[in-house]
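Please find below a short note on the structure under review.

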Amino acid sequence: MSNVPVLSPQEARIADEAALETVPIAGRTRRILEKIREGRPRIDVERGYYFTKSFQRTDGEPLILRWSKALLHYAENASVYVDDDQLIVGRCGKPGRYGILYPELDGNTLREAIVNLPSREVSPFDISDDDARLIVTEIASYWEGRTFHEDLAKSLAPETRKLTYNDDESLSSRFIVNETASFRSSIQWVHDYEIVLEKGFIGIRMDAEERVSRLDEFSPVDNTEKKPFLQAVINVCDAIILWAARHADEAERLFAFETDEIRRSELRRIAETCRRVPANPARNFYEAVQSQWFTQVFSRVEQKTGTVISNGRMDQYLYPYYARDKAAGILDDDEAQELLECVWVSMAQFVDLYLSSAGGAFNEGYAHWEAVTIGGQTRDGNDATNDLTYVFLRSKREFPLNYPDLAARVNARSPKRYLYEVAETIKDGAGFPKLINDEEVVPLLLSKGARFDEAYDYSVSGCAECRMPNRDTYTSPNAYINFAAALEMTVYNGKMLYYGDEALGLETGEFEDFKSFGEFFDAFLRQQKNFLKHAFIQQHEIIRLRAAHFASPLGSALHRLCTESCTDLHQPKIEGGIDLGYFEYMGYGTVIDSLAAMKRVVFEEKKVTLAKLKEAMLHNYEGYEAIRQLMLNAPSYGNDDPYADEIGKILDMEAQKFTSKYSMELGVHMDLRYVPFTSHVPFGRVVSATPNGRKAYFPLSDGSSATQGSDVNGPTAVLLSNFRTKNYDRREHAARLLNVKLSPSCVRGEDGTEKLIQFIRTWRDLRLWHIQFNVLNRETLLEAQKAPERYRNLLVRIAGYSAYFTELSPDLQSDIIARTQHESF
Amino acid sequence: MGESAIVFNVQRYSLHDGPGIRTVVFFKGCPLRCRWCCNPESQRPEREVSYLSEKCIGKKACGFCGDACRRGAIFFGGFRSPEDGKAIIDRALCDDCLSCAAVCPSKAIKVEGEAMTISEILDAVEKDGLFYDNGGGGLTVSGGEPLAQGSFLVDLLAAAKKMRINTAMETCGYGDYRTLCDAASYLDTIMFDIKSLNAERHVHYTGASNDLIVSNFESLCRDFPGLKKIVRTPFIPRFNDNVEEKRAISGFLAGRPNVKFEALAYHRFGEGKYRALGREYNMAEHEG
């Protein structure tokens, strides 16, 4: 065994590039990629501007109609672009990386945001002076007083509001019971793209027209509800067809000037394709890809979907076109891959702009997750992998880009070749694909009332969620709840050091007076329950208010239940739908470890008194290192240690019991989830020192992963701790995000691939929902912090997604380095 | 089953000690003293104190170990860094009573070795049972030298087999042949070290003759021809990292059934552990 570290393929590639001093540029998509990585993202104002202008003219009309008219206004006026080298066209902002504005959400923060965005530490954006002026005079001025954000704040009772917002003008988040409904108008979502590919928007429009002709002209419901809905569908079809045609015009315009013969023929094909789709059904792979991409981009214009609209099961709905073209000899795998990569580089240019610092901190590294799902099962429960599945995996290995977020479904019947290629792709080190477990997801969907064929056909959506297109009907974003803050309130009798003397939580008694661990644990559970209470109150108001603030004519047109009942997707109740929501348990590992440490060190071993522990925490353990070490070295979650895991199981159970009792009052399955994005960092910034030895304002543990660096028994123990803290007898739970960091030497060679497959199979057998891997040497990350310019291409897995390491904040970089790296022995 | 053995580590997710994902149980105590040994904590059969000064938080913040030590074997600060006030253990005075480890909050001082019964070991091994099933993984006994724990070892392997756990053993081959036979009958794989066929150098570098090792291996091949055997040789500079040795070993193995050979490269990852145990690392002089 030599001391030379084993590099992952990604690391080796970066090392080679550094040695050559130049990045090898091969192929059109590489050229596009190189160009867009220059410079910071810019804000494009057109979406916000045209939307606002249209809304000013439609005051008083039904909301869904207003929304469709705004989209039509955008389609008529917005700039269209046909980028150099591109084969697939469609973007909703200037060349390069861009973000767009959704002032209807939190436009009240616009004035402040345009000052802060260029300079903020996390996910900065550039904006021109002219645009900044336009934002203030034309956009912000209209929305102030009309946004969802302000309405929500007004509607919350003081007790709930003080756990939600700071008492400042921009209603900044307290990061305690954090609402996420004001920075996105829908949770992660997946359209039924097959409707577009099979019918085209002309077909969808014809259906709507036919429905209009059959309306009862005397019915009040038909007149006030169904008619505006159907007219909105017609408008949005017109909008996207027009918008595509304007791309055809632009391609023709460029064609006239183009001298290069090859590019001329490409432009001709682009023009022909944009005249054809998405208006008409797709006839081949090229048209199918273009049609899907237009639909995706226009969906971005329509609304801010959490983590950006997902792509669904691309290897399934594109397969018929791919197979037909291949059989006809007009497409090979290289060409198919190039077209897909044309989409990936377009995705990468759209950047999910969050105005509020809370939103920015939730999605560091400009994160968005247009999940592409591959593998899994067919509607009748057979293995779904096909030749196109492997094209996606190959693209992921060969093309150094963090888009799309590739999600591979795994089940007991996944073929060996599929698992092998998935493992080989993971070994590349960029963190893709993430894995989602059919063996856990499908039964849970069934338990919520889905049919087998619907459950087998789920798509991964966003970070780790799963959606059944045409059956899921709940779009409301939900609370992220900081239970480490609840723990702090149990220590300081309802207060938090960060928020001074303000009474925020319950008064559960003075810390020093707890006589037993049981007493303290009960007090914590009361604080936990109080947070849940306010989260659900908050959710109740959010559900009530959203219906009057948001509409989704495009999303509704692509959802069978919406079109059947003529109900907008954002209405709380849609006939025949299954409403799957969730709330987030933040700081799971932090809370478990703190409770376990107190149980062991304070109440059993009696090595430290409560008074002394409190004193140490008040001093952020400075001068109390021995106490900190005792707490740090107590049993902890992630080590397959029943001492800690039993506590975790109770926390999980109590949260599920609460939602089991109250979520139906909200009309929703409100499930317990552990998926933090990057928010465990900002949530940590309000929590002072915790009993597990964590220092003040450090990141919380992320998702269902162990506290950074505390999982010392290896990755099998991490999986088993996860397993043992779950309550499989209940159905009120959804995704648990699990990060595992492996060193490249763990997975080296064929033998390493085989053992990674064995590990994945066991993860599958344990019915854990999600897993993702980082295969990187710690030294590489440290080096990248020192020499960021050399590591611009270094992708790391963060939380449900990968991002360029050097674009993350120093805090998050350190957090990733601190996650335990598992070596094999 | 009430019997126990001293185990110094139960290592899960082990990928390089037999087929599949394995758990390695390391027995404490070894008849050899290989100079390059990377697990010096495996050598002595008794429990002992190990100390990593990097983890020590010093007398000012702590100092508990000094109070706990009854023989006055622990000092603070001094020759390594006078300012840090870190603990220094005088190994000449220390009698491994282990009371310092019990009070150390940062686990800078810890105990190497824990008495475990067969059922405790199997409980620990069974934890990863699901991982074994997906790829032929299982239990690997290692050391130290597992053969040194004779009957306990055989009982453990028999109990593991009863639970349908795949079994492997890493051995230096220096032990009683009857124990080796009894163990082999419960093994799926044996990893047998042959360090050198040169008798003189073997004594010099490992502290023992290779006669017993060579004859044990020959007998094993005769009595258990079907057993999967992996012969491993760590190639150590100046000791056996040369052409004659390699030729001798490959000649010795030629024609034997079910034998695979693996060469191990020398590394010095164990160096820090010598310091932790208050011992000297004797390899520096052998590196060329």
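The points below take up the model's confidence, chain B, the interface and some backbone details.

1. Basis of the model. The structure is a predicted model, in which local features need pLDDT of at least 70 and side-chain atom pairs count only at pLDDT 80 or more, whereas totals for chains, interfaces and linings use all residues. Residues are numbered from 1 along each chain as its sequence is written, while chains are lettered from A and ligands numbered from 1 in the order in which they are written.

2. Confidence. The scores for the model are ipTM 0.91 and pTM 0.92. For chain B, the mean pLDDT (the predictor's confidence in each residue, from 0 to 100) is 91, and 95% of the residues reach 70 or more. Where pLDDT is low, the predicted coordinates should not be read in detail.

3. Overall form of chain B. Chain B contains 11 helices and 12 strands; helices (H or I, at least four residues) and strands (E, at least two) are DSSP runs, numbered from the N terminus. Its C-alpha atoms fill a box of roughly 65 × 45 × 30 Å along the principal axes.

4. Of the 288 residues of chain B, 42% count as buried. A residue is buried if 20 or more other C-beta atoms lie within 10 Å of its own, exposed if 12 or fewer, and partly exposed in between, with C-beta atoms placed from the backbone. Among contacts (C-beta atoms, placed from the backbone, within 7 Å) between residues at least 6 apart in the sequence of chain B, 71% join residues at least 24 apart.

5. The interface. Contacts between the chains involve 27 residues of chain A and 22 residues of chain B. On the chain A side, α28 (625–632), α31 (715–724) and α32 (749–765) each supply at least two residues, and α32(A) gives the most, with seven residues. That side of chain A divides into 10 nonpolar, 11 polar and six charged residues. Here Ala, Val, Leu, Ile, Met, Phe, Trp, Tyr, Cys and Pro count as nonpolar, Asp, Glu, Lys and Arg as charged, and the others, Gly among them, as polar.

6. A helix pair in chain B. The axes of α6(B) (residues 150–162) and α7(B) (residues 177–184) come within 9 Å and cross at roughly 10°. The two helices are therefore roughly parallel to each other, a term for angles under 35 degrees. The axes are lines fitted to C-alpha atoms over the stretch in contact, and angles run from 0 to 180 degrees between N-to-C directions. Gly150(B), Leu153(B), Val154(B) and Leu157(B) of α6(B) meet Thr179(B), Asp182(B) and Ala183(B) of α7(B). These contact residues comprise four nonpolar, two polar and one charged.

7. Cis peptide bonds in chain A. Val277(A) and Pro278(A) are joined by a cis peptide bond with omega of about 10°; Pro278(A) lies in the loop between α12 (261–276) and α13 (285–302). A cis bond also runs from Tyr403(A) to Pro404(A), with omega near -5°, and Pro404(A) is in the loop between α18 (387–398) and β5 (406–410) of chain A.

8. Positive phi values. Most residues other than glycine have a negative phi. Tyr697(A), however, has a positive phi of about 70° and is found in the loop between α30 (680–684) and α31 of chain A. Asp96(B) has phi near 55°, and its loop runs between β5 (87–89) and α3 (99–103) of chain B. Tyr697(A) is partly exposed, with 16 other C-beta atoms within 10 Å; Asp96(B), with 17 such neighbours, also counts as partly exposed.

Notes. Two residues are in contact if their C-beta atoms, placed from the backbone, lie within 7 Å. Angles under 35 degrees count as roughly parallel, over 145 as roughly antiparallel, 65 to 115 as roughly perpendicular and the rest as oblique.
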